[in-house]
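Please read these points with the model open beside you.

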Amino acid sequence: MELLKYSAVELAAAIKEGKATAVEAMEAALSKIEETESKINAYVTIDKEAALAAAKEAQKKIEAGALTGALAGVPMAVKDNLCTEGMLTTCASKILGNFVPTFSAEAVINLEKAGAVVIGKTNMDEFAMGSTTETSAYGETKNPWNLEHVPGGSSGGSAAAVASNECFFALGSDTGGSIRQPASFCGVVGLKPTYGTVSRYGLIAYGSSLDQIGPLTKNVTDCATVLEVLATHDTKDSTSVKREDTDFTSALVEDVTGMKIGIPRDYFGEGLDAEVKEAALAAAKALEEKGAVVEEFDLSLVEYAIPTYYTIAAAEASSNLERFDGVKYGYRTSEFDGLHNMYKKTRSEGFGAEVKRRIMLGSFVLSSGYYDAYYLKALKVKAMIKKAFDDAFAKYDIILGPVAPTTAPKLGESLSDPLKMYLGDIYTISVNLAGLPGISVPCGKDSKGLPIGLQLIADSFQEKKLIQTAYTYEKLRGAFVMED
């Protein structure tokens, strides 16, 4: 089980040197899953035979010298809204309970080409709608640090799997903080890249103008390495950007001398837990002592981010989810009277409460008479939020703040109050509205022993600054481990 302590990059190096094999790594991950999965419920689907066969195949290629990448032979987990050829892809919803795609998402293909091996699909909030991984049709995922608490969401299964060593890294998707917030709650590193950096082909859409795939990893080095493999131009995705600067591992440099870091006062006001505030400000101080220039500033429009985000995301979701009608694929109700009744019953039985709530909200804001008042206004505010960030990045290299107002809440607390759950995204959603990159790095623990995440935000296509700052902070912080 010593293998499980390795990071993804360390494991690949050990395999390359012949100190371990891809099969041994996969067996170690599978036995860890067998041991802990009944408590955590991080996975929806695991195909042991296919995973071991793929690991054997990867090992052969490594030995033949055909696979030499920094992730060759490394077992990984994939969020269940990313299509995987021949493997169930459900979005943690009853409506896709029987859906087996005939193709894989571009992000998954890129990682498999690099030699990473898929273990299985991780649990999530249904259709990525939620912040706690409690809205899944397959039961809630629990936080490995404390089983009474949520792992965050919607990529909670991926974050929990990495935190509990049930995989070496995982893929998540981030529409309004769904990689960074569970990374914060589970004490791992999570990065949401600039919109367009990673192909969305094969990602089952929630909010198309906001969704972005990214890695959840044990440390910043793994994060940069995985992102380097993910960031390719894809003609199958019209929003995919052709970038020349994707050598992200070159930014793994321990140096922030002269780096200008802005701390938004708006992120440290009312509603922020005192322990979270203290940990984030202590991280800023550590970076300042290392040579960064740190100052406070006002980032306007923060209070408008949540209504803007939920208006746009719900509108896009209501449009994206209309394809689930019981006709082409997925679940269909068994008894119905005519086509319209079949649609109605299929969706009533197939979708969960949170998904229905957002579809109804989205249909409302797009309806005639309300389109101008809500949706159009939200798009205008979105443009203003982007402008506020542009102004900030004219002065600063990095914006530093908390990921979430609190550490992981207890299971059941958020579901009883959806508004409170929505407000938990206050520090993350602006990044998606403005299409920016953001990373969550563990920066401490609260008095209950739960992890606290530090959020760093950079301007569009400036992931290297983000990685360099996060890497420097990680080195200053030292090891961050879960006590047994």
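1. F461 sits in the loop between β11 (451-458) and α15 (463-477). Helices (H or I, at least four residues) and strands (E, at least two) are DSSP runs, numbered from the N terminus. F461 is not a glycine, yet its phi is positive, about 65°. Most residues other than glycine have a negative phi, and most peptide bonds are trans. With a relative accessibility of 32%, F461 counts as partly exposed; buried means under 20% relative accessible area, exposed over 50%, and partly exposed in between (1.4 Å probe, protein chains only).

2. A word on the source. This is a predicted model, in which local features need pLDDT of at least 70 and side-chain atom pairs count only at pLDDT 80 or more, while totals for chains, interfaces and linings use all residues. Residues are numbered from 1 along each chain as its sequence is written, and side-chain values use heavy atoms, with hydrogens and water left out.

3. Two other backbone details deserve a look. N41, in the loop between α2 (22-40) and β1 (43-46), has a positive phi of about 60° although it is not a glycine. The peptide bond from G153 to S154 is cis, with omega near 5°. S154 belongs to the loop between β3 and α5 (156-163).

4. Is D237 buried or exposed? D237 has a relative accessible area of 8% and is therefore buried, although its place is in the loop between α7 and β7 (260-264). Its side chain reaches the backbone nitrogen of R200 at 2.9 Å. That is a polar contact, meaning a pair of N or O atoms within 3.5 Å; within protein, one must be able to donate a hydrogen and the other to accept it, and residues adjacent in sequence count only if both atoms are side-chain atoms. Apart from neighbours within four places in sequence, D237 is in contact (heavy atoms within 4.5 Å) with V198, S199, R200 and Y201.

5. S104, in the loop between β2 and α4, is counted as buried because its relative accessibility is 9%. The side chain of S104 reaches the backbone nitrogen of E85 at 2.9 Å. Not counting residues up to four places away in sequence, S104 touches C83, T84, E85, I109 and Y201.

6. N320 is part of helix α9 (residues 302-320). Its relative accessible area is 10%, so N320 is buried. Residues up to four places away in sequence aside, N320 touches A205, Y206, G207 and S208.

7. What do the buried residues of α4 pack against? In this helix (residues 106-113), E106, A107, V108, N110 and L111 are buried. They pack against β2 (75-79), β3 (117-122), β4 (169-174), β6 (212-217) and α7 (220-230). After α4 comes G115, with a positive phi near 100°.

8. Strand β5 (residues 189-192) is covered on both faces: V189 and L191 are buried on one side, G190 and K192 on the other. In a regular strand the side chains alternate between the two faces of the sheet. β5 pairs with β6 in the antiparallel sense over 2 bridges, and V189 stands opposite T217 in β6. Two strands pair if DSSP finds at least two bridges between them. β5 is also joined by 3 antiparallel bridges to β10 (residues 438-445), where K192 has G438 as its bridge partner.

9. The largest nonpolar core has 153 residues, and L111, F127, F169, F389, I439 and I467 touch the most other members. A nonpolar core is a set of buried Ala, Val, Leu, Ile, Met, Phe, Trp, Tyr and Cys residues joined through side-chain atoms within 4.5 Å. Beyond its neighbours within four places in sequence, F169 has contacts that include A8, L71, M76, L111, L216 and V226.

10. For the whole chain, the secondary structure comes to 15 helices and 11 strands. Buried residues make up 60% of the 484 residues. Among contacts between residues at least 6 apart in sequence, 76% join residues at least 24 apart.
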